[in-house]
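Welcome to this short briefing. Please take a look at the model below, and then we can walk through a few of its local features together.

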Amino acid sequence: MNPLVPDFILEQDAEGQYAGAVDAAVLHVSLPAVVELAEQMIARQAIDPDALRSLFDPLFEAVHQSGGFVAAFSPGGGFTALFPDRPGRNVTRHARSAALAMRRSLLELAARRALGAGGAQMPFRIGLAWGSVHWTIVRIAEDRAYFLLYGPALEACQATDRGGDDSELHLDRSFRERLPAAGARESAVEFDDADLLSAPPSLTVAETRADADAEAFLPPGAGDLAPEGEIREVTTVSLSLDRVASPTELIQQLHEIAAMYGATFAGMNVTERGYGALFYFGAPVSHESDHDRALDFALELKSNGLGVQRLAVGITRARCLIGFFGGAGRREFACLGRAVHLAAQIARKAAPSSIWADERAFLAGEASHQWSTENIFRFDGFDLPILVYSLERRRIAVQEEFYDLGPIGREAELERLTRALEPIFAGRSAGVVYILGEAGIGKSYLVHSYRHQRAQLMDMRPLLWIEARCDQTLKTPLYAFEFALKEYLGISSEIGQHAKQAGLDLALQLLLERLPESWAEVRSGIDRSREALARLLRLRSEEPATPEAEAERREEALAALSALLVAESSLQPVVVHLDDAQWADPTSLEAVRAITAACRDLPLAVICSARPPAPGGEEGAVRIPLDEGIPSQVIELAPLPKERLLALAEPFFGGPLPTMLESLLGQTAGGNPFFAQEILAYWLEDGRYGSTHEGARSSRFMPPRTVNSLLVARLERLEPRTRQTVVSAAVLGREFDTRVLARMIPDASVLVDHLRFGEAQRIWSRMGEHRFEFCTVLIRDAAYGMQPKPAAERQHRLAAEALEAVYGDDLEDQRAALDSHRKLAG
């Protein structure tokens, strides 16, 4: 006997018989205790194969002793056995005898409290049916094959599993009619020990034929698993399908699609309404992108249709027990756990042509795929109702795709910026280059494109790039250059004071080692700058000073920054990017004047990107009074022509744009590429539309008319908990510490999934282990403005408390942020 594949199947395969039918009694056992045992092992992180074997062994022995064989296992923990008809023997009586022996064994097991606490009865159901059983073997290749047992008898037996009484035998009419008159009873309570065969026909097991190929029926990689099994994170995809005329063709289709996506096809099984199929992502072979593969696979199945009337998909994600499980006479590769059982139940309940998933699957796939909330349902074996989500489509990361398209429409401005910075590669100062334009017009993208272009040059010359970012709320003196200094040193606010001091000391020491000994004045300037740079990094606790002392410290800080950049630009070209300069504090603007004056004969450039003043606003355009002889020039970004915006959008459609979308991009976007990409993202994420011309004719699609309101509308579409995380992060500012954020949201356990979602959708990007930043200040501002004032005050209060809890005694670096949150908390 081969325990991994029924001998009946191996014999037919060896003889080249790939399809047929037999009359048989069918026995199905539903045994939820198997799933519960697996869950206990998963929770304890301790696998005990003997516990499962002690459950299955007496049940399988009863099957074999009565002349049957175990055909297949079920996701819910049970199994199906067949008793083929034999001349001169009423196999229904032997099948019933096996069922009675199983029932007695299970009741005794429950009584011994082997599987339950307090002596509670262990639930199980045993169904018996009679009729025709078909079999098919599908040879995909020499080393891969599947088998399926199906037909009326199996379907009838599955239907008995829906009975209301546990611990009973449920017989279908055909089975009862074949029993001797005295034994044709409907319930096990009517049977007594006399119904157990006094001398059951012991199954004489022949040696499996030498040419039987059991390995071909096993999933690739299954042989590499530990003998006792493993615990892994698995995404389970379960299918519920109507009956088809040719299951052979269906199995071939499923195998081909599964192979495309790297799924483990665990085979098909019979359900009371047709067929089921199970696919595992993460077992026995795993990939880094298993969950995304699973979701794309489900969408492919839905799109394909497989030629069936009804196809529904259930998806779950959880840690599962994987390996070969069963008893001494029969084992099968399986993933065990509640999630596998739930996936099958979700698929049976799902509407036709729909893909439903549990919350874990939704959270793990929220970043990459578009979802909608379906409903709350009750499922067999679960005490509480479960919220189900519907998978709609893969998200299109419009923002990231826009970046990958290159500087469409900004070629002339990019050329101007390149020429403006060229002097630094000839050893001369480029002074200040202003890049001016409204929010979303592409200032940061233009700078990004220049950096990317410079990095791609084959003859790339050394270039030090320093980001000096301004902040709308934190306008403390020299904030932009405090940020720049941290960027230069490669340190962040999340490390302690000692680590920051060590980072500063090491960076200055390495700089001095690079400077020739003959550059005495430059080296002296670095030495003199130590204390001022330490104060700028808030490494020194200082008492409030007089205005005169404050002015002196400010001058020392400007001198220190100048000395640092003189040293660096003496060694290589340097670019300082003052981003969002419209929010720069006066001292940061004064620092630009001081730095450019100190480096007037050195290869240094300051790029100053800023918005123009708002109509009627008090602030004018950013202009820094530079010393005489320091060059400056302005690059203004005008709105893009309509045809340029359409060229950015066309790659998402593979052809002409829908007429309505073309109109929206041409008129509503006003030539603003950021607004255009948000309109496009809003369109592609709308449930009524997609990237097809035909699906976009309704005049109901009317996006908001401003960038901010459109961003708010897109954020409103997020799952409520994800949206709250984005809003809470916005309260912390353009940058945020995830440890602080975790203390501000109701459920910190979902933060990792929310952070991954935000990265995929370019809401924010990672700066360090605990540090993220919003990709644009526009998104941050839109998220912050979504909350009413009382809610914002409450969030600022939470932020202040979280900062104190996370940073403890090391609060000096967070002093400005802490004071700001306390002030805004009211």
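Two strands count as paired if DSSP finds at least two bridges between them. Helices (H or I, at least four residues) and strands (E, at least two) are DSSP runs, numbered from the N terminus. This is a predicted model, in which local features need pLDDT of at least 70 and side-chain atom pairs count only at pLDDT 80 or more, while totals for chains, interfaces and linings use all residues. Residues are numbered from 1 along each chain as its sequence is written, and side-chain values use heavy atoms, with hydrogens and water left out.

- Strands β20 (735-737) and β22 (771-774) run antiparallel and are joined by 3 bridges.
- The open sheet has 3 strands in the order β20-β22-β21, with antiparallel pairing.
- Because β20 and β21 (764-766) are at the edges with a single partner strand each, one side of each has no neighbour in the sheet.
- From one strand to the next, the twist averages 30°; axes are lines fitted to C-alpha atoms, for helices over the stretch in contact, and angles run from 0 to 180 degrees between N-to-C directions.
- Helix α25 (residues 751-760) packs on the sheet and touches β20, β21 and β22, where contact means heavy atoms within 4.5 Å.
- The direction of α25 makes about 110° with that of β21.

- Helix α27 (residues 789-807) has 19 residues and should span 27 Å at 1.5 Å a residue, which agrees with its end C-alpha atoms being 27 Å apart; the expected span is 1.5 Å times one less than the number of residues.
- Its buried residues include Gln795, His796, Leu803 and Tyr807; buried means under 20% relative accessible area, exposed over 50%, and partly exposed in between (1.4 Å probe, protein chains only).
- The buried residues of α27 pack against several elements, among them α23 (720-732), α26 (777-784) and α28 (815-824).

**Backbone features in loops**

- Ala283 and Pro284 are joined by a cis peptide bond with omega of about -10°.
- Pro284 sits in the loop between β9 (274-281) and α8 (290-304).
- Leu306 is not a glycine, yet its phi is positive, at about 60°.
- The loop between α8 and β10 (311-326) holds Leu306, which is buried at a relative accessible area of 5%.
- Leu478, also a residue other than glycine, has a positive phi near 60°.
- Leu478 belongs to the loop between β16 (464-469) and α14 (479-489), and its 4% relative accessibility makes Leu478 buried.
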